[in-house]
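Hi everyone, thanks for coming along. I'd like to walk you through a chain that may be new to you, so please have a look at it on the screen.

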Amino acid sequence: MINHKHVKAVFTQEGEQRTIFVSLSASNGEGIYLVAATYIKGQIVIAHECPAIQLKRTCWHSDVVLDIYRTVFKQHSELQDARVVYLNKKVVMKKEWIQIPMPKTYGVDNNEHNIQLLA
Ligand SMILES: [Zn+2]
């Protein structure tokens, strides 16, 4: 199960359809990763500046953002099994970004919360 505790905020941008931006805190607690996810020509493209992507590996940032992306667009069946492409590209926050509520239907944190309620 993917751990979402590092997810800080999720954004969209007006005029950018099927695109989200996610800010994540680094796993060592220092700094923020900004990750963009969009849908281009039948593929989900996940972009951020990351040493792992430079080495052609995926990373937990990409996994978390892909999971959020599929949750935000869960009504769009074509996005659920689309091929995923990873790009090493710096993402810069813009003032046009609009923060959206965290999707609530995913993740470890919700399950943990439920367990606590039941305990
Ligand atoms: Zn990464």
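First, some ground rules. This is a predicted model, where local features need pLDDT of at least 70 and side-chain atom pairs count only at pLDDT 80 or more, while totals for chains, interfaces and linings use all residues. Residues are numbered from 1 along each chain as its sequence is written.

On confidence, pLDDT is the predictor's confidence in each residue, from 0 to 100. The mean for this chain is 85, and 84% of its residues reach 70 or more. Residues 106–119 are another matter: pLDDT stays under 50 there. Where pLDDT is low, the predicted coordinates should not be read in detail.

Now the overall layout. The chain has 4 helices and 6 strands; helices (H or I, at least four residues) and strands (E, at least two) are DSSP runs, numbered from the N terminus. Starting at the N terminus, the order of elements is β-β-β-β-α-α-α-β-β-α.

How are the strands arranged in the sheet? The 6 strands make an open sheet in the order 5-4-3-2-1-6, with mixed pairing; two strands pair if DSSP finds at least two bridges between them. Strand 5 (83–88) and strand 6 (97–100) are at the edges with a single partner strand each, so one side of each has no neighbour in the sheet. From one strand to the next, the twist averages 25 degrees. Angles here run from 0 to 180 degrees between N-to-C directions, and axes are lines fitted to C-alpha atoms, for helices over the stretch in contact.

Let's follow the chain through the sheet. Strand 1 and strand 2 run antiparallel, joined by 4 bridges, and Ala9 stands opposite Ser23 in strand 2. These two strands form a hairpin with 5 residues between them, and Gly15 in the turn has a positive phi of about 85 degrees. Strand 2 and strand 3 are also antiparallel, with 7 bridges, and Thr19 has Thr38 in strand 3 as its bridge partner. Their hairpin has 6 residues between the strands, and Gly29 takes a positive phi near 85 degrees. Strand 3 (residues 32–40) then pairs with strand 4 (residues 43–48) in the antiparallel sense over 5 bridges. Helix 2 packs on the sheet, touching strand 1 (7–13), strand 2 (19–25), strand 3, strand 4 and strand 5.

What sits inside? The largest nonpolar core has 21 residues, and Ile20, Val22, Val35, Ala37, Val65 and Ile68 have the most contacts inside it. Such a core is a set of buried Ala, Val, Leu, Ile, Met, Phe, Trp, Tyr and Cys residues joined through C-beta atoms within 7 Å. Strand 1, strand 2, strand 3, strand 4 and helix 2 each give two or more residues to this core.

Finally, is Ala26 buried or exposed? A residue is buried if 20 or more other C-beta atoms lie within 10 Å of its own, exposed if 12 or fewer, and partly exposed in between, with C-beta atoms placed from the backbone. Ala26 has 11 such atoms within 10 Å, so Ala26 is exposed. Ala26 lies in the loop between strand 2 and strand 3. Arg57, in the loop between helix 1 (51–54) and helix 2 (60–72), is exposed with 11 other C-beta atoms within 10 Å.

Note on methods
Two residues are in contact if their C-beta atoms, placed from the backbone, lie within 7 Å.
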